[in-house]
Amino acid sequence: MPAENTPTGAHAASLGKGSPAGGRAPQRLAQAALRDVPWEVGVAKPDPAIVVENVTRTFGGLTAVSVDRLEVQRGGITGLIGPNGAGKTTLFNLLTGFDQPNTGTWSFDGRPLGKLAPHQVARLGVVRTFQLTKALSRLTVLENMLLGAQGQRGESFLRALVPGTWRSQEKANTEKALDLLRRFKLDAKKDEFAGTLSGGQRKLLEMARALMSDPQVVMLDEPMAGVNPALTQSLLGHVKDLREEGMTVIFVEHDMDVVRDISDWVVVMAAGRVIAEGPPESISQNQAVVDAYLGAHHDAPLTVEEEDQVLAEAERRIAHEENGEVIDSDTTTRGEGR
Ligand SMILES: Nc1ncnc2c1ncn2[C@@H]1O[C@H](COP(=O)(O)OP(=O)(O)O)[C@@H](O)[C@H]1O
Ligand SMILES: [Mg+2]
């Protein structure tokens, strides 16, 4: 392997080339930490990174999310499952500032995240992935990566969507982007439009882009959906690598084999609520879970359009923010913190 392709630091351990002896330690640690936690909804975790309390979100008469309490253990992979329409994407939207709740609070490392805009949440270390939008399809793979960079002035993955901003990013960001693209085997595609990538490659790109901001918590919304089987294993490997690097991962997935394979803990939602949580082996025996799936409609969710809308709104807010305008109450906390 050429010298410039040699990964450094934590990434080296994650590439799976004869995994070093300690390579599986984070998985063992996460599972050991959760071993004595009761299989109860809302149960306290030994070391929670994310704590959600009394969060509700309604759309008209529909309660999309109603979570009384949810703690997410640091350093583990938490699988979030539930039938279509259960509220998983809405919960991600809320936790990452893409949507505002009717009630409730949530925190990362004890720091409240409510009322923050997506780029502020990202700056604090919590990111999520989206399906790529049309706008991003017209940027090259490398340009997409640079949208994920966290610049010196606190630019975020979304702030940088404002045309021109990414061009002023430092050389270091480009280097970092190229490193990540090599890791995700997308470096040969760096100058191609993201729109020309396969579904699976887009998912990899999204994940790579999320890592540009050095997150501590990564929320992946159906990272395997639409990915052909040849890339599934590779994607799964990348998700496990995030844990190896000490990140906290929450991911939405429908395939129970995948969920069992990689989750340290599983949270089940139905009709907006958390109806069960526990280690993977506890879930399939749970009657509430079986009932939720049997009673569920398996029609297609409307998430692509919804996510496009939310992203467009976030871009709009950021553009306004850059002009120093306050466009609604949700942006009034901006500029605080660092
Ligand atoms: N922006 C929205 N407007 C109206 N209803 C919505 C909106 N977003 C989500 N919903 C509804 O909220 C419920 C939960 O949706 P969602 O969070 O996408 O579920 P999941 O990701 O678990 O499939 C669904 O009934 C969905 O139709
Ligand atoms: Mg969804």
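Reader: How many salt bridges does a search of the whole structure find?

Author: The search finds 14 salt bridges, and the structure in question is a predicted model.

Reader: What makes Glu277 and Lys45 a salt bridge?

Author: Their side chains meet at 2.7 Å, N to O, and because a salt bridge requires a side-chain nitrogen of Lys or Arg within 4 Å of a carboxyl oxygen of Asp or Glu, the pair qualifies as a salt bridge.

Reader: Which parts of the chain does the pair of Glu277 and Lys45 tie together?

Author: Glu277 belongs to strand E10 (residues 273-278), while Lys45 sits in the loop between helix H2 (25-34) and strand E1 (48-59), so the pair joins parts that are 232 residues apart in sequence. Both Glu277 and Lys45 are buried.

Reader: Where do Arg57 and Asp99 lie, given that their side chains meet in a salt bridge?

Author: The N to O distance of that salt bridge is 2.8 Å. Arg57 is in strand E1 and Asp99 in the loop between helix H3 (88-95) and strand E4 (103-108), so the bridge ties together parts that are 42 residues apart in sequence.

Reader: Why are Arg57 and Asp99 called buried?

Author: Buried means under 20% relative accessible area; Arg57 has 17% and is therefore buried, and Asp99, with 13%, is therefore buried as well.

Reader: What is known of the salt bridge between Arg243 and Asp264, and why does each of its partners count as buried?

Author: The side chains of Arg243 and Asp264 meet at 2.8 Å, N to O. This pair links distant parts of the chain, with Arg243 in helix H9 (residues 229-244) and Asp264 in the loop between helix H10 (256-262) and strand E9 (265-270), 21 residues apart.

Reader: Which residues are joined into one network by salt bridges that share partners?

Author: Asp47, Arg74 and Asp109 are joined in this way.

Reader: Why is helix H7 called oblique to helix H8?

Author: The axes of H7 (residues 171-183) and H8 (residues 199-211) come within 10 Å and cross at roughly 140°. Because roughly antiparallel needs an angle over 145 degrees and roughly perpendicular covers 65 to 115, H7 is oblique to H8. The crossing is right-handed.

Reader: Which residues meet where H7 contacts H8?

Author: Lys176, Leu180, Leu181 and Arg183 in H7 meet Leu205, Ala208 and Leu211 in H8. The residues of this contact divide into 5 nonpolar, no polar and 2 charged.

Methods. Residues are numbered from 1 along each chain as its sequence is written. Chains are lettered from A and ligands numbered from 1 in the order in which they are written. This is a predicted model: local features need pLDDT of at least 70, side-chain atom pairs count only at pLDDT 80 or more; totals for chains, interfaces and linings use all residues. Side-chain values use heavy atoms; hydrogens and water are left out. Axes are lines fitted to C-alpha atoms, for helices over the stretch in contact, and angles run from 0 to 180 degrees between N-to-C directions. Helices (H or I, at least four residues) and strands (E, at least two) are DSSP runs, numbered from the N terminus. Angles under 35 degrees count as roughly parallel, over 145 as roughly antiparallel, 65 to 115 as roughly perpendicular and the rest as oblique. A crossing is left-handed if the near helix is turned anticlockwise from the far one by less than a right angle, and right-handed if clockwise. Contact means heavy atoms within 4.5 Å. Ala, Val, Leu, Ile, Met, Phe, Trp, Tyr, Cys and Pro count as nonpolar, Asp, Glu, Lys and Arg as charged, and the others, Gly among them, as polar. Buried means under 20% relative accessible area, exposed over 50%, partly exposed in between (1.4 Å probe, protein chains only).
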